[in-house]
Amino acid sequence: LSSLIATGSLQVEMAGETQTVLLNDNATIVCKVQGHRHLDITIMGITWFWKNQMSATEVILFQFFGAHRKIVRPGASVPLSRLERGDASLQLPGVQLWEAGEYRCEVVITPHKAVGRVRLEVMAYPVSSLFPEQATVKENAEQLISCVASGFYPMNITITWKKWTQEDPWYAEVSEDVFTNSITENEDGMCNVTSFLRLKPSLEDNMTIYQCVVWHKSLPTSQRLNFTLT
């Protein structure tokens, strides 16, 4: 966690410079008042601002001052029981791609004020599939294998192909006869791409396994999809 110190003796702590959340997940954007175990929320206020990556204009998402509460983003909340313990973190249910951007937490405990900023990055992981999943070896009959990754964000993605044989029980990367289409973007901002592997197998290729490996920053580990020649 990194701290941002403001005027007077008041400071807030954010979760570093960037937080990430998956599309449609609930997000908690961290903002904690330091050095206060119990706060009198009747003499304090909290305002959360947001601006997207393409605009310099901030908008208020949530505001609390004593008996006054303003909620602009549906579902946005700062639980008062947590605020009393110094936790001014903003809770956002069902985050969407367009909600990425800079979030600013402004805490006022009269007469002091502290401000913290954090960038929220929203990601969507790819849904990947292989067509076909299995094929029969036909001597000198060309086959085209498709590896499709869809519904991911941001746009950067890596697709590679690997090959396993009984003679060589380690997956070796395939670079020949591989071509990948340009990434396309849907109206909702999510992306799709297809990579192709062209095969012209011989009977000796029976039981050879080809693997499509998809890597995207939203994934904890690469997706691996296998195709077997029989």
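What share of the contacts in the protein with a separation of 6 or more is accounted for by residues 24 or more positions apart? In this predicted model, in which local features need pLDDT of at least 70, side-chain atom pairs count only at pLDDT 80 or more, and totals for chains, interfaces and linings use all residues, that share comes to 59%, where contact means heavy atoms within 4.5 Å. Residues are numbered from 1 along each chain as its sequence is written, and side-chain values use heavy atoms, with hydrogens and water left out.

The secondary structure of the protein consists of 1 helix and 21 strands, helices (H or I, at least four residues) and strands (E, at least two) being DSSP runs numbered from the N terminus. The radius of gyration of the protein is 25 Å, whereas a compact globule of 230 residues would have a value near 17 Å; the radius is taken over C-alpha atoms, and the globule rule is 2.2 Å times the number of residues to the power 0.38. Along the principal axes, the C-alpha atoms fill a box of roughly 80 × 35 × 25 Å. The C-alpha atoms of His-68 and Glu-176, which are 108 residues apart along the chain, are separated by 65 Å. His-68 is placed in strand S8 (residues 68-71).

Of the 230 residues, 44% count as buried, a class defined as under 20% relative accessible area, with exposed meaning over 50% and partly exposed in between (1.4 Å probe, protein chains only). His-68, at 39% relative accessibility, is partly exposed. The accessible surface of the protein is about 12600 Å², and 50% of this belongs to carbon and sulfur atoms, as computed by the Shrake-Rupley method with a 1.4 Å probe. The protein carries 19 positive and 24 negative side chains, and the centres of the two sets lie 10 Å apart; Lys and Arg count as positive and Asp and Glu as negative, whereas His and the chain ends are not counted, and each charge is placed at NZ of Lys, CZ of Arg, CG of Asp or CD of Glu.

Rings of Phe, Tyr and Trp (its six-membered ring) were paired if their centres lie within 6.5 Å, with planes under 30 degrees apart counted as stacked, over 60 as edge-to-face and the rest as tilted; by this rule there are 2 aromatic pairs. The pair of Trp-50 and Trp-98 is edge-to-face, because the ring centres lie 5.9 Å apart and the planes stand at 80°. This pair links distant parts of the chain, with Trp-50 in strand S6 (residues 44-51) and Trp-98, 48 residues apart from it, in the loop between strand S9 (90-92) and strand S10 (101-109). Trp-50 is buried at 11% relative accessibility, whereas Trp-98 is exposed at 54%. The rings of Phe-179 and Phe-196 are stacked, because their centres lie 5.1 Å apart and their planes are at 25°. Phe-179 lies in strand S17 (residues 178-180) and Phe-196 in strand S19 (residues 191-199); Phe-179 is partly exposed at 32%, and Phe-196 is buried at 14%.

Glu-99 is also located in the loop between S9 and S10 and is buried, with 3% relative accessibility. Leaving aside residues up to four places away in sequence, Glu-99 touches Trp-50, Arg-73, Gly-94, Leu-120 and Val-122. Cys-105, in strand S10, is buried at 0% relative accessible area, and its contacts outside that sequence range include Met-14, Cys-31, Trp-48 and Val-115.
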